[in-house]
Amino acid sequence: MKAIYWFRNDLRLNDNPSLNIALEKSDEILFVYIHDIANDKNSPWGFKKMGEHRKLFLSQGLNELNQNLLKYAHSLNIYIDDPVNILKKLVIKYKIDTIFCESIEAFDEKKQIELLGDDKTDVITYFQSSLFIKNQLPFDMNDLPDVFTDFRKTIEHKNNKPNKPVTLLKKIFKVKSIKDSKLVELKTKFSDYTNSSFPIMDKKFMGGEKSGILYLKKYFQSNKAETYKHTRNELTGINFSTKFSPWLSLGYISARQVFSYLDEYENNIKKNESTYWIFFELMWRDYFRFIMIKYGEKLFYKSGLNLSKQNIRHDDSSFELWTTGNTKNKFINAGMNELRLTGFLSNRMRQIVASYLINELGCDWRAGAAWFESKLIDYDVYSNQGNWAYMAGCGTDPRGGRFFNIEKQQKTYDKNSIYQMLWDL
């Protein structure tokens with residue numbers, strides 16, 4: 001059988017069940033990655049869907065993925081196009097029987113699969129970006145709890161364990177390579193990441209499977225895991241949080257690989273509240289994935305899951321002041337400057353600036369979500385949309401949204417204004 005393997009947000013060879021299914025069922029494979037031209041166009045809010053930082057991090061990983069495939073006498077064919085358009089052309093050109101890819105359960109990505117199926121193209125998808133797979137959940141998707149704590153406690157009570165990571169099938173040596181000789185370089189710009197908490201021009205923080213796994217190993221060779229809960233709310237530096245999210249977002253590493261290293265660390269070195277909290281964060285990541293599967297496009301509505309349809313106003317000028325770091329609050333401006341210039345922001349600062357946009361400026365939370373999508377290196381559709389809806393009271397927060405007292409937050413997390421001065425431009 002002739003097949004296409006379409007890499008999406010799973011840019012790795014190991015622990016990629018979808019890829020292994022393709023290898024198992026195919027005699028010939030064309031490996032492709034398609035940079036969606038929609039990413040280079042303006043969103044409804046007036047700026048590009050994918051900014052330069054994430055594009056650079058993506059480009060680094062694509063180059064590495066191609067090098068990894070070359071070791072097995074295959075290559076990665078890269079296109080800049082509409083994914084549905086180019087895939088249909090490749091199916092005809094190479095008489096492809098089946099397209100294999102990971103399943104992304106978000107509105108735009110699901111629509112692509114539907115459009116491919118319109119031509120009766122056989123498309124086999126596999127949902128694999130979560131820690132737990134769907135059939136491991138102790139409830140049907142329609143009965144998924146609408147409160148995270150209930151979701152977490154139910155899974156913990158059942159004592160469910162994630163599947164162990166799988167290795168790349170050796171059949172990749174036997175499968176014949178279909179080569180279309182397309183390796184388009186994404187146009188990227190280089191910035192100064194010296195002060196970034198995730199400096200992507202530093203070899204240790206570059207995009208790619210090798211860099212991600214090496215970082216994962218070194219993290220659990222250190223004692224950072226046993227102090228994570230106490231340092232995770234710091235605002236700047238390369239050591240205060242795990243920093244797994246950028247590699248997870250593009251699939252350079254998997255959540256199961258993270259858990260595997262964590263589990264080994266807890267069994268052989270130390271298990272405490274901090275190591276549990278790493279698992280706790282992985283559970284949040286899963287929860288937002290399953291909530292999107294349950295509610296679909298509702299999470300993209302202005303009122304989200306809030307049936308009361310709260311009155312959300314939006315002011316373009318206030319939003320622009322927020323995105324450019326020109327609000328009346330210097331602490332907020334510091335966070336927005338860091339995000340704009342580096343593509344990264346601590347979890348604590350993300351919550352603070354989101355609260356300011358929603359509660360102080362009264363802007364549409366979806367505009368904030370779109371700005372994060374454009375700027376963040378570690379953008380993930382599930383976590384981004386889920387977190388913003390949660391903050392705005394349009395998601396699953398039982399308290400109806402979160403309000404952060406900015407002055408109190410600064411006194412708690414930046415009492416000497418070190419962070420503010422670092423990004424006061």
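**Close-up views of salt bridges in a predicted model**

**View 1. R350 and D378 form a salt bridge, with closest N and O atoms 2.9 Å apart.** A salt bridge is defined here as a side-chain nitrogen of Lys or Arg within 4 Å of a carboxyl oxygen of Asp or Glu. R350 belongs to helix α13 (residues 347–360) and D378 to the loop between α14 (365–375) and α15 (381–392), so the contact ties together parts 28 residues apart in sequence. Helices (H or I, at least four residues) and strands (E, at least two) are DSSP runs, numbered from the N terminus. R350 is buried at 16% relative accessibility, and D378 is buried at 8% (buried: under 20% relative accessible area; exposed: over 50%; partly exposed: in between; 1.4 Å probe, protein chains only).

**View 2. K134 forms a salt bridge with E105, the closest N and O atoms lying 4.0 Å apart.** The pair links distant parts of the chain, 29 residues apart: K134 lies in the loop between β5 (122–126) and α5 (148–158), and E105 in the loop between β4 (98–102) and α4 (107–117). K134 is partly exposed, at 36% relative accessible area, whereas E105 is buried at 14%.

**View 3. K229 is joined to E273 by a salt bridge with a closest N and O separation of 3.7 Å.** K229 is in helix α7 (residues 228–231) and E273 in helix α10 (residues 273–295), so parts 44 residues apart in sequence are tied together. K229 is partly exposed at 23%, as is E273 at 46%.

**Notes to all views.** The model is predicted: local features need pLDDT of at least 70, side-chain atom pairs count only at pLDDT 80 or more, and totals for chains, interfaces and linings use all residues. Residues are numbered from 1 along each chain as its sequence is written, and side-chain values use heavy atoms, with hydrogens and water left out.
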